[in-house]
Amino acid sequence: DLAVLRRAAEVLGEPIYVFGDDAKDYFNQLAIAAPDLWKLGIVFLRDDELMIVSERRLGFGTHGASNIAQRFSEAILFMFRQDMDRADAAHRPLEWQRRRATVPGVSDADCYGLPPISPADGQGVHIDRVCPHQRLYSVYMYTDDPIFVVVGVDRALRALRIWRQLTSDVGLIMA
(Lines give C-alpha, C1' and ligand atoms only; values in the text may rest on other atoms or scores of the structure.)
Protein backbone atom coordinates (compact mmCIF):
# COMPACT_ATOMS: atom_id res chain seq x y z
CA ASP A 1 0.00 0.00 0.00
CA LEU A 2 2.77 2.41 0.88
CA ALA A 3 4.45 2.03 -2.53
CA VAL A 4 1.17 2.55 -4.41
CA LEU A 5 0.18 5.56 -2.30
CA ARG A 6 3.68 7.01 -2.60
CA ARG A 7 3.26 6.86 -6.37
CA ALA A 8 -0.17 8.49 -6.07
CA ALA A 9 1.37 11.31 -4.05
CA GLU A 10 4.01 11.81 -6.74
CA VAL A 11 1.47 11.75 -9.60
CA LEU A 12 -0.87 14.16 -7.81
CA GLY A 13 1.88 16.45 -6.51
CA GLU A 14 0.73 15.87 -2.93
CA PRO A 15 2.65 14.96 0.23
CA ILE A 16 2.17 11.58 1.85
CA TYR A 17 1.62 11.17 5.56
CA VAL A 18 2.12 8.12 7.75
CA PHE A 19 0.85 8.39 11.30
CA GLY A 20 -0.37 6.15 14.06
CA ASP A 21 -2.30 6.10 17.28
CA ASP A 22 -2.52 3.88 20.33
CA ALA A 23 -5.44 2.76 22.45
CA LYS A 24 -4.83 2.98 26.18
CA ASP A 25 -5.05 -0.34 28.05
CA TYR A 26 -6.90 -1.81 25.08
CA PHE A 27 -7.79 -5.25 26.44
CA ASN A 28 -9.07 -3.74 29.67
CA GLN A 29 -11.44 -1.47 27.74
CA LEU A 30 -13.27 -4.51 26.39
CA ALA A 31 -15.92 -5.91 28.73
CA ILE A 32 -16.61 -9.61 29.05
CA ALA A 33 -20.10 -10.57 27.90
CA ALA A 34 -22.36 -11.50 30.82
CA PRO A 35 -22.84 -15.12 29.62
CA ASP A 36 -19.04 -15.59 29.65
CA LEU A 37 -18.28 -14.22 33.12
CA TRP A 38 -18.35 -17.69 34.68
CA LYS A 39 -15.46 -18.71 32.44
CA LEU A 40 -13.13 -16.13 33.97
CA GLY A 41 -13.48 -16.89 37.67
CA ILE A 42 -10.31 -17.74 39.54
CA VAL A 43 -10.40 -19.49 42.91
CA PHE A 44 -7.58 -19.12 45.44
CA LEU A 45 -7.19 -20.93 48.72
CA ARG A 46 -5.06 -19.01 51.19
CA ASP A 47 -4.72 -20.69 54.57
CA ASP A 48 -8.32 -21.71 55.22
CA GLU A 49 -9.82 -18.79 53.35
CA LEU A 50 -11.44 -19.20 49.95
CA MET A 51 -11.03 -16.22 47.61
CA ILE A 52 -12.80 -15.83 44.27
CA VAL A 53 -11.74 -13.32 41.65
CA SER A 54 -14.12 -12.67 38.76
CA GLU A 55 -12.70 -10.81 35.79
CA ARG A 56 -15.18 -8.46 34.13
CA ARG A 57 -12.79 -7.04 31.55
CA LEU A 58 -10.75 -8.79 28.89
CA GLY A 59 -7.46 -9.52 30.60
CA PHE A 60 -3.97 -10.04 29.29
CA GLY A 61 -3.21 -13.73 29.07
CA THR A 62 -6.86 -14.69 28.75
CA HIS A 63 -7.23 -17.40 26.12
CA GLY A 64 -8.44 -15.77 22.91
CA ALA A 65 -7.90 -12.19 24.16
CA SER A 66 -5.73 -11.18 21.22
CA ASN A 67 -8.17 -12.70 18.76
CA ILE A 68 -11.15 -10.94 20.33
CA ALA A 69 -9.31 -7.60 20.46
CA GLN A 70 -8.15 -7.94 16.85
CA ARG A 71 -11.69 -8.65 15.68
CA PHE A 72 -12.87 -5.53 17.49
CA SER A 73 -10.06 -3.59 15.79
CA GLU A 74 -11.17 -4.86 12.38
CA ALA A 75 -14.73 -3.74 13.14
CA ILE A 76 -13.47 -0.26 14.04
CA LEU A 77 -11.49 -0.10 10.80
CA PHE A 78 -14.55 -1.18 8.83
CA MET A 79 -16.48 1.75 10.31
CA PHE A 80 -13.56 4.11 9.70
CA ARG A 81 -13.32 3.10 6.04
CA GLN A 82 -17.04 3.63 5.53
CA ASP A 83 -16.88 7.11 7.08
CA MET A 84 -13.68 8.01 5.26
CA ASP A 85 -14.95 6.77 1.89
CA ARG A 86 -18.10 8.82 2.35
CA ALA A 87 -16.17 11.96 3.35
CA ASP A 88 -13.58 11.52 0.62
CA ALA A 89 -16.04 10.86 -2.23
CA ALA A 90 -16.15 14.43 -3.45
CA HIS A 91 -12.35 14.71 -3.33
CA ARG A 92 -11.20 11.80 -5.48
CA PRO A 93 -8.89 13.06 -8.23
CA LEU A 94 -9.98 11.85 -11.66
CA GLU A 95 -6.34 11.44 -12.72
CA TRP A 96 -5.76 8.84 -10.00
CA GLN A 97 -8.99 6.99 -10.82
CA ARG A 98 -8.04 6.94 -14.49
CA ARG A 99 -4.56 5.58 -13.77
CA ARG A 100 -5.83 2.91 -11.36
CA ALA A 101 -8.31 1.70 -13.98
CA THR A 102 -5.39 0.78 -16.27
CA VAL A 103 -3.55 -1.40 -13.73
CA PRO A 104 -3.54 -5.06 -14.86
CA GLY A 105 -5.50 -7.32 -12.55
CA VAL A 106 -7.41 -4.48 -10.91
CA SER A 107 -11.13 -4.80 -11.38
CA ASP A 108 -14.29 -3.27 -10.06
CA ALA A 109 -15.33 -6.66 -8.64
CA ASP A 110 -14.28 -5.54 -5.15
CA CYS A 111 -16.27 -2.31 -5.37
CA TYR A 112 -19.28 -1.90 -3.15
CA GLY A 113 -22.02 0.58 -2.35
CA LEU A 114 -22.45 2.61 0.81
CA PRO A 115 -25.80 3.47 2.33
CA PRO A 116 -26.98 6.93 1.28
CA ILE A 117 -26.17 9.81 3.58
CA SER A 118 -29.18 11.35 5.24
CA PRO A 119 -29.73 15.09 4.65
CA ALA A 120 -29.30 15.62 8.40
CA ASP A 121 -25.63 14.62 8.04
CA GLY A 122 -25.08 17.75 6.00
CA GLN A 123 -22.67 15.97 3.68
CA GLY A 124 -24.70 16.38 0.51
CA VAL A 125 -22.73 13.60 -1.23
CA HIS A 126 -24.18 10.28 -2.32
CA ILE A 127 -21.77 7.51 -3.21
CA ASP A 128 -23.01 4.81 -5.54
CA ARG A 129 -19.81 2.76 -5.46
CA VAL A 130 -16.53 2.69 -3.59
CA CYS A 131 -13.55 0.93 -5.12
CA PRO A 132 -10.89 0.17 -2.49
CA HIS A 133 -8.12 0.08 -5.12
CA GLN A 134 -8.82 3.76 -5.86
CA ARG A 135 -8.55 4.95 -2.26
CA LEU A 136 -5.90 7.51 -1.49
CA TYR A 137 -5.44 6.25 2.05
CA SER A 138 -4.77 3.00 3.79
CA VAL A 139 -5.25 1.97 7.40
CA TYR A 140 -4.35 -1.14 9.36
CA MET A 141 -4.58 -1.91 13.05
CA TYR A 142 -2.58 -4.52 14.89
CA THR A 143 -4.55 -5.04 18.08
CA ASP A 144 -4.42 -1.54 19.65
CA ASP A 145 -2.09 0.28 17.23
CA PRO A 146 -3.61 1.73 14.07
CA ILE A 147 -1.36 3.06 11.32
CA PHE A 148 -2.57 5.36 8.57
CA VAL A 149 -1.04 6.19 5.19
CA VAL A 150 -2.74 9.17 3.57
CA VAL A 151 -2.11 11.17 0.39
CA GLY A 152 -2.62 14.91 0.72
CA VAL A 153 -2.95 17.48 3.48
CA ASP A 154 -6.75 17.82 3.33
CA ARG A 155 -7.26 14.07 3.22
CA ALA A 156 -4.94 13.60 6.21
CA LEU A 157 -6.94 16.18 8.16
CA ARG A 158 -10.18 14.42 7.17
CA ALA A 159 -8.76 11.08 8.30
CA LEU A 160 -7.68 12.51 11.66
CA ARG A 161 -11.09 14.13 12.26
CA ILE A 162 -12.95 10.95 11.30
CA TRP A 163 -10.70 8.76 13.43
CA ARG A 164 -11.11 11.01 16.45
CA GLN A 165 -14.90 11.13 16.02
CA LEU A 166 -15.08 7.36 15.63
CA THR A 167 -12.96 6.59 18.69
CA SER A 168 -15.10 9.03 20.68
CA ASP A 169 -18.34 7.51 19.39
CA VAL A 170 -17.33 3.96 20.35
CA GLY A 171 -15.99 5.16 23.70
CA LEU A 172 -12.42 4.07 23.05
CA ILE A 173 -9.86 5.73 25.31
CA MET A 174 -6.76 6.60 23.35
CA ALA A 175 -3.29 6.92 24.85
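Let me start with Asp108, which sits in the loop that runs between α4 and β4, where helices (H or I, at least four residues) and strands (E, at least two) are DSSP runs numbered from the N terminus. This is a predicted model, in which local features need pLDDT of at least 70 and side-chain atom pairs count only at pLDDT 80 or more, while totals for chains, interfaces and linings use all residues. Residues are numbered from 1 along each chain as its sequence is written, and side-chain values use heavy atoms, with hydrogens and water left out.

Asp108 has a relative accessible area of 45%, so it counts as partly exposed; that term covers the range between buried, under 20%, and exposed, over 50%, with a 1.4 Å probe and protein chains only. If we set aside residues up to four places away in sequence, Asp108 touches Arg129, Cys131 and His133, contact meaning heavy atoms within 4.5 Å.

Beyond its neighbours within four places in sequence, Gln134 is in contact with Trp96, Gln97 and Arg100.

Turning to Leu172, we find this residue in the segment after α5 (153-169), and Leu172 is buried, at 7% relative accessible area. From Leu172 to Asp88, the separation is 84 residues in sequence and 24 Å in space, C-alpha to C-alpha.
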